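Colleague: I have a model open and would like to learn how to read it. Can we go through it feature by feature?

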Amino acid sequence: MEYMEQFLSTATEYIKLIGIFDVIDMALVAFVVYHIFRFVRRSRSGQVVKAILLIILAMGVANVLQLQVVRFVLNNAVELGFIALVIIFQPEIRRFLEQMGSGKIKEMFVRETIDDELEYAIRETVEAYTSMSKDKVGALMVFERKTMLDDVLKTGTPLDARVSAELLKNLFWNKAPLHDGAVIVRNGRIVGAGCMLPMSGNVNISRDLGMRHRAGIGISENSDAVVALVSEETGSISVAINGMLKRHLAPATLEQMLRNELMPEQEESKPSGTAWLTSMFKQTKGDKPDGEEDSRQ
C-alpha cells in the first residue's frame with residue numbers, strides 16, 4: 001500500500017509539470033508516427049519494415065547473449081542502413097515530398113469513408129461485365145486494396161472518374177486507344193486506364209490462358225488486389241486473387257465475390273479472404289467445372 005501511495009504521489013508531481021504545449025507536442029508526434037505506420041502498412045514497404053524490426057530484435061538478442069561476431073556484423077550493417085533505406089524507400093519518400101510541396105498532405109493522412117463509392121463501383125462493374133460478356137469484349141480491371149499500385153499507374157493514362165458501366169464499356173471497346181491495358185480502381189474510383197501489368201511467373205498456368213489472364217494473375221501474385229476479367233474469345237468472366245484464378249463466373253457470383261473481398265465488413269455472415277475464393281470452387285451454382293478452360297484470353 002505504501003508503494004502504491006508513493007507511486008501515485010510521484011505520478012501526480014509529474015502530471016503537474018506537464019503543460020498544454022507538452023500535450024500538443026506529444027499529440028503531434030503520436031499523430032505523425034501513427035500515420036507513418038499506416039502508410040507503410042498500406043504500401044509494399046511493409047515487408048521491408050518487418051525485416052528491419054527483425055534485425056533490431058536480433059541485435060538486442062546478440063547484445064544480451066554477448067554474441068560478439070553476430071553483434072559486429074549487425075552493427076556494421078546498421079551503419080549502412082540509412083543509405084539502404086533511402087534507396088529502398090525512394091518512391092515513397094519522393095511521393096511524400098511531392099504531396100507536401102503540392103499542399104496535398106491532408107489527402108495522404110485523411111481517408112474518407114468510401115463504402116458508397118465501392119457499392120456503386122461494384123454495381124456498375126457487374127452491369128458492364130454482364131454486357132461485355134455477352135458481346136465478348138475483353139476487359140481487365142484491378143481493384144486496389146492495401147498494396148498501392150503507383151508503379152503500375154505510371155505505365156498508363158491517369159484518370160479520376162467514378163466507375164460507371166458506360167465508361168467501362170467505352171474504355172474496353174476494341175477500337176478504343178486504352179482497351180489493351182488494365183483499368184485501376186482505387187477507393188471506388190477509376191484512377192488509371194491502359195496500364196501494363198506484370199505477367200505471372202507461374203509455369204503451371206494453363207497454356208490456354210492468354211496474356212490478359214496471365215497479367216491479371218501476375219498482379220494478384222504481386223499485390224493484394226482483386227482482379228476482374230472478361231475473355232475476349234469466350235466472354236467468360238473470371239476473378240484473380242492471391243494468384244488464384246476462378247473462371248466461368250455468373251454475374252451474380254462476380255458481384256458477391258467483389259462485395260466479399262472489397263467490403264468484407266458488410267459480408268460478416270460469409271467466409272472471407274482466400275477461404276471465400278476456395279469455397280467458390282466447390283459451391284458456385286451455374287458455373288462450369290474447374291477443369292474447363294478458355295481457349296484464349
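Modeller: Start with what covers helix H11. The cover over its buried residues includes strand E1 (139–143), helix H9 (150–153), strand E5 (226–230), strand E6 (237–241) and strand E7 (244–246). Helices (H or I, at least four residues) and strands (E, at least two) are DSSP runs, numbered from the N terminus. Contact means heavy atoms within 4.5 Å. This is a predicted model: local features need pLDDT of at least 70, side-chain atom pairs count only at pLDDT 80 or more, and totals for chains, interfaces and linings use all residues. Residues are numbered from 1 along each chain as its sequence is written, and side-chain values use heavy atoms, with hydrogens and water left out.

Colleague: Which residues of H11 are buried?

Modeller: Buried means under 20% relative accessible area, exposed over 50%, partly exposed in between (1.4 Å probe, protein chains only). In H11 the buried residues are Arg212, His213, Ala215, Gly216, Ile217, Gly218, Ile219 and Ser220.

Colleague: What span should H11 have?

Modeller: The expected span of a helix is 1.5 Å times one less than its number of residues. H11 has 12 residues (211–222), so it should span 16 Å. Its end C-alpha atoms are 16 Å apart, which agrees.

Colleague: Now the sheet. In what order do the strands come?

Modeller: Strands of a sheet pair through backbone hydrogen bonds, either parallel or antiparallel. Two strands count as paired if DSSP finds at least two bridges between them. Here seven strands form an open sheet, ordered E2-E4-E3-E1-E5-E6-E7, with mixed pairing. Strand E2 (157–162) and E7 stand at the edges with a single partner strand each, so one side of each has no neighbour in the sheet. From one strand to the next, the twist averages 20 degrees. E6 and E7 run antiparallel, joined by three bridges. Val239 stands opposite Lys246 in E7.

Colleague: Which strands does helix H8 touch?

Modeller: Angles run from 0 to 180 degrees between N-to-C directions; axes are lines fitted to C-alpha atoms, for helices over the stretch in contact. H8 (residues 115–135) packs on the sheet and touches E1, E2, strand E4 (189–195), E5 and E6. Its direction makes about 165 degrees with that of E1. H11 lies across E1, E5, E6 and E7, at about 175 degrees to E5.

Colleague: How many salt bridges are there?

Modeller: A salt bridge is a side-chain nitrogen of Lys or Arg within 4 Å of a carboxyl oxygen of Asp or Glu. The structure holds 10. In one of them, Asp150 pairs with Arg186, with the closest N and O atoms 2.7 Å apart. Asp150 lies in helix H9 and Arg186 in strand E3 (residues 182–186), so the pair ties together parts 36 residues apart in sequence. Both residues are buried.

Colleague: And Glu232: what is its partner?

Modeller: Glu232 bridges to Arg212, the closest N and O atoms being 3.7 Å apart. Glu232 is in the loop between E5 and E6, and Arg212 is in helix H11, 20 residues apart. Glu232 is partly exposed at 37% relative accessibility; Arg212 is buried at 9%.

Colleague: Which residues touch the most other members of the largest nonpolar core?

Modeller: A nonpolar core is a set of buried Ala, Val, Leu, Ile, Met, Phe, Trp, Tyr and Cys residues joined through side-chain atoms within 4.5 Å. The largest has 31 residues, of which Tyr129, Met141, Phe143, Leu168, Val183 and Leu254 touch the most other members. H8 gives the largest share of this core, seven residues.
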